[in-house]
Amino acid sequence: MGRRARPKEDLDIELAELPPELRWREWMGRVEAVIFASPAPVTREVLARVVGRDCSIDFLIDDISDELRGRPYELVSVAGGWQHRTRKNFAEAIRAAIGAAGDDKALSQTEALILACIAYYQPINRSELSSFFGKEVSRDTIARLRGLEFIAAGPRSPQPGAPYTYVTTKAFLSHFGLETLRDLPDMEALEDAGLLGKDKMLAGEFPVPASDEADQLEADRDEDDHVT
């Protein structure tokens, strides 16, 4: 019989034997490594698994960000977590070398308008979307936005038949570089300034989507993101 594999030891998160400066450097390295290795934004709760109980995640992030100044990539706060992203001023160089990134998530004008409407008026069902645009919003368009993980099924509508409504997702926040729905422009302010209205949306003239119910929708989305 072969020898039994030795069980892995638990990760030492406190690092009590290290001097304070080396302990901090190790925590910084762990946090940056976890963020670098993750394809999605990493939450505070996940990062807390690799540092001491009294360690400030925010201070670590600040120090890591300071060290990345002048580098072609940075740490950004999106979708309730942190993620490495290349700086915008290098976008042209990246396209020249490897082509445009994220082409699979490029939206048509119609898809962009519908996504904007969902972001503004969520939770909203397909019938309400169709009424808004004055023509039927196809199931294929909704399926496309769901396939991109920009929207998910929300709570059932109180309308007859209790159709599903649609809400934006964390992937939506991440793709558009937003931390929470509270970072979206205020709809009433945009309307008062004459920058937003149904006519403008129908004409394709709209800013980054916004929501009047950001706080409640943030909680609802966490519950509904996985609904199929």
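In the hairpin of β2 and β3, which residue takes a positive phi, and how many residues lie between the strands?

Modeller: Ala79 takes the positive phi, near 50°, and the hairpin has two residues between its strands. Before we go on, a word on the model: it is predicted, so local features need a pLDDT of at least 70 and side-chain atom pairs count only at pLDDT 80 or more, while totals for chains, interfaces and linings use all residues. Residues are numbered from 1 along each chain as its sequence is written, and side-chain values use heavy atoms, leaving out hydrogens and water.

Ala79 sits in the loop between β2 and β3, and its positive phi comes although it is not a glycine. Most residues other than glycine have a negative phi. With a relative accessible area of 9%, Ala79 is buried (buried means under 20% relative accessible area, exposed over 50%, and partly exposed in between, with a 1.4 Å probe and protein chains only).

Now follow the strands on either side. Strand β2 covers residues 73–78 and pairs with β3 in the antiparallel sense, over six bridges. The names come from DSSP runs, numbered from the N terminus: helices are H or I with at least four residues, and strands are E with at least two. Two strands pair if DSSP finds at least two bridges between them. To place yourself, look for Tyr73, which stands opposite Thr86 in β3.

Strand β3 (residues 81–86) has another partner too: two bridges join it to β1 (residues 42–43), again running antiparallel. There, Val42 has Trp82 of β3 as its bridge partner.

What do these strands lie against? The buried residues of α1 are Arg23, Trp27, Met28, Arg30, Val31 and Ile35. They cover an arc of only 165° around the axis, so they are on the same side of α1; the arc is that of the directions from the helix axis to the C-beta atoms. An α-helix has 3.6 residues a turn, so residues three or four places apart point the same way. On the other side of α1, Glu21, Phe36 and Ala37 are exposed.

The helix itself has 18 residues and reaches 26 Å from its first C-alpha to its last, close to the 26 Å expected at 1.5 Å a residue; the expected span is 1.5 Å times one less than the number of residues. Gly29 also lies in α1, and at 38% relative accessibility Gly29 counts as partly exposed. The C-alpha atoms of Gly29 and Leu60 are separated by 9.5 Å, though the two are 31 residues apart along the chain.

Asp58 pairs with Arg44, their closest N and O atoms being 3.1 Å apart (a salt bridge is a side-chain nitrogen of Lys or Arg within 4 Å of a carboxyl oxygen of Asp or Glu). Asp58 lies in helix α3 and Arg44 in helix α2, so the pair ties together parts that are 14 residues apart in sequence. Asp58 counts as partly exposed at 36% relative accessibility, and Arg44 is partly exposed at 36% too.

In this part of the chain, Glu14 also forms a salt bridge with Arg53, with 3.3 Å between the closest N and O atoms. Since Glu14 is in the segment before α1 (20–37) and Arg53 in the loop between α2 (44–47) and α3 (57–67), this pair ties together parts that are 39 residues apart in sequence. Glu14 is partly exposed at 26% relative accessibility, whereas Arg53 is exposed, with a relative accessible area of 70%. The structure holds eight salt bridges.
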